[in-house]
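Thanks for coming. I have one structure to go through today, and I will keep to what can be read from the coordinates.

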Amino acid sequence: MRDVSRQAVIDRLRNGPAPEVVVIGAGINGAAVFRELALNGVRVLLVDRGDIAEGASSALSRMVHGGLRYLETADFALVREGATERNRLLRNAPHLVGPLRTVVPLYDRWGGTLAAIGRFFRRPVAASRRGAVLIRIGLTLYDWLGRRERTMPRHRMLPRDAALTAMPGLTRSISAAAEYWDGWVSHPERINLELVLDALRDAPQAEALTYVAAEGFSADGVMLRDTTTGETLRVAPRIVVNAAGAWIDSVNAPMGINQRMIGGTKGSHLVIDHDGLRAALGGAMLYFEAPDGRTCIVFPFLGNVLLGTTDIRVEDADGVRCEESEVDYLLAVLREVLPDIAIGREHIRFRYAGVRPLPHVDAATPSLIPRTHSLVASEATPHRPFPVLSMVSGKWTTFRAFGEQAADEVLRRLGRARSIGTQSRAIGGGAGFPADRAAWIATVARETGVAEPRIAALFDHYGTRARDAARAIAAGPDAPLAALPDHSTAEIAWIGREEIVTNLADVILRRTLIALRGQASEDAVRDVAAALAATLGWTAEHRAGQEAETLALLRDRHGAGQKLNATPPVCVMS
Ligand SMILES: Cc1cc2nc3c(=O)[nH]c(=O)nc-3n(C[C@H](O)[C@H](O)[C@H](O)COP(=O)(O)OP(=O)(O)OC[C@H]3O[C@@H](n4cnc5c(N)ncnc54)[C@H](O)[C@@H]3O)c2cc1C
């Protein structure tokens, strides 16, 4: 692979031909359109003012789904698209996306029917608990809309006793439950990265730069500022794609586009370490309604449990965090549905929050804001010589379809034909995914001389990219990290070299699951910094600064021992 270090990319941009397209924002939607354009021969540059997947694309509920609850607002096309993309992701990214058995507790037969009719016609009715009839109709429709390329079982209704056996911790006040299958993604940040890495590997004319902010334009083109040095760079593309999520409006404004497109809502999650809670879930996700009718999720997650989420309108997406009042709310709704399990703040290992880049509308109720994605074109003007295509909204699950839609529009405007599609293209470590895991591990162990248990651990993190990691480890020297024996020095150095890393937090929070698993102790942060320092040429002073910044971020944004300010929360599934 060519040198993807930031200086090498900046040099190529300064001295080579201008990119035809600049994509602003390296969340999942920016990465998706970048991959589509790169594979189809377009000279495309992807930039993000932070790291890959630093916005909403690392703050999701990690569900890969059609969105059962959007049936109520009659978003059938959205549900069909999401369910079809879910089915494709199960095949194209099997290393990180898996099936998820889901249980919906039911309390009566007819509950919520009138409210559902109101929501179907987009009336702002108060939410109320949905009964068995409504859920059964919804799941029948959900199965039908998700039938294309489907591999998972259909839904079934469970009588009360069977439901309590399937999920032993459930409240005894249920009358029945429904069971259906959806998908989940363990590490969406890596899929986001892999889309970019795959594009860079397969398309030598494509470039990606993180920690570079788009700050408007001048006669020479789009102004980009390197946020690590303050230096500016100008590029003159034919088309700009604005994939800045919740920041779309603030990226557009300095380009002379003042149409309000985004009306985001914040959602927060807790990672909880509690054996009893994990056991009570019986290996399934609980998709449940709070007493006020809002929907939440809780499911076993990499040895812990993930609980979410809230839905709070925000005007400013910068620096959002999970507030104490949201923690109170989430723990209270969990107690309602699993009453015998005492969860307190002491069990919370990690918190995260993000802003859904929803379209700007006047809906009073966040759950009534449409979740469909759209591409909004702002044509070139006498002052701005290029059009801007803004990628508004979109679920994580539908990134491929949205990226494809945006790329088709760009290709049309460039007068190019599409030569490569992505519907059945494997992503990153999902390529060449083996049917026989044990045989694959044994082969790579033989090839590289690295022990089988180590290859197995690498395979679980990186899918078939584990072969590259193992080769780097075999080239030595290597040693397990003292505070994180699941990771090793040569593995972290490989990530630093190959995976577009600038900061320590990129590795702790996104390239690995160290933070999300609640393993980012001070010692762990220092071990990872030490393993990265030589690869990235950090001085002792720079390394100390990186450690301090990362520890502050973990404390201030992710709740390590901090009391945060309160705002009144509401809770709803995204
Ligand atoms: C709480 C919550 C739960 C969710 N749950 C689910 C779920 O379970 N399943 C699902 O399918 N979807 C879910 N979603 C939705 C999904 O996460 C988002 O719709 C999706 O990640 C949006 O991706 P994006 O690329 O548009 O935006 P983002 O990921 O936010 O990316 C935008 C990027 O733009 C960059 N940027 C901003 N300004 C600039 C600038 N000036 N220059 C350069 N770059 C800039 C930012 O740094 C950021 O990286 C959830 C979202 C939230 C918040």
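Predicted model: local features only at pLDDT ≥ 70, side-chain atom pairs only at ≥ 80, totals over all residues.

The overall dimensions, then. The C-alpha trace of the protein chain spans about 70 × 60 × 45 Å along its principal axes. In secondary structure, the protein chain has 18 helices and 19 strands.

Now the domains. The chain is divided into domain 1, made of 6-56, 189-260 and 372-414, then domain 2, made of 97-187 and 263-368, and domain 3, which is 436-558. On the slide you can follow how domain 1 is written in three segments and domain 2 in two.

The interface I want to discuss is the one between domain 2 and domain 3. Their C-alpha centres lie 33 Å apart. In contact there are 13 residues of domain 2 and 13 residues of domain 3. Together the two domains bury about 1,100 Å² between them, and carbon and sulfur atoms give 60% of that area.

What about polar interactions here? Between domain 2 and domain 3 the count of salt bridges is zero. Three residue pairs are in polar contact across this interface, with both residues of each pair at pLDDT 80 or more. On the domain 2 side, strand β17, residues 348-356, gives the largest share of the residues touching domain 3, namely four. By class, that side has six nonpolar, four polar and three charged residues.

Leu302 sits in the loop between β14 (295-301) and β15. Its phi is positive, about 50°, although Leu302 is not a glycine.

Next, two cis peptide bonds. One runs from Gly308 to Thr309, with omega near 0°. Thr309 is in the loop between β15 (304-308) and β16 (312-313). Another cis bond joins Gly476 to Pro477, and there omega is near -5°. Pro477 belongs to the loop between α14 (466-474) and α15 (489-498).

Glu409 is part of helix α11, residues 399-414. What does the side chain of Glu409 make a polar contact with? The partner is the side chain of Arg413, at 2.7 Å. Leaving aside residues up to four places away in sequence, Glu409 touches Leu375 and Leu389.

That is what I have. I am happy to take questions.

How values were computed: Residues numbered from 1 in each chain as written. Heavy atoms only, no water. Domains from an automatic or database assignment. Contact = heavy atoms within 4.5 Å. Buried area = accessible area lost by both parts, 1.4 Å probe. Salt bridge = Lys/Arg side-chain N within 4 Å of Asp/Glu carboxyl O. Polar contact = N/O pair within 3.5 Å; in protein donor to acceptor, adjacent residues only side chain to side chain. Helix = DSSP H or I, 4+ residues; strand = E, 2+ residues; numbered from the N terminus. Nonpolar A, V, L, I, M, F, W, Y, C, P; charged D, E, K, R; others polar.
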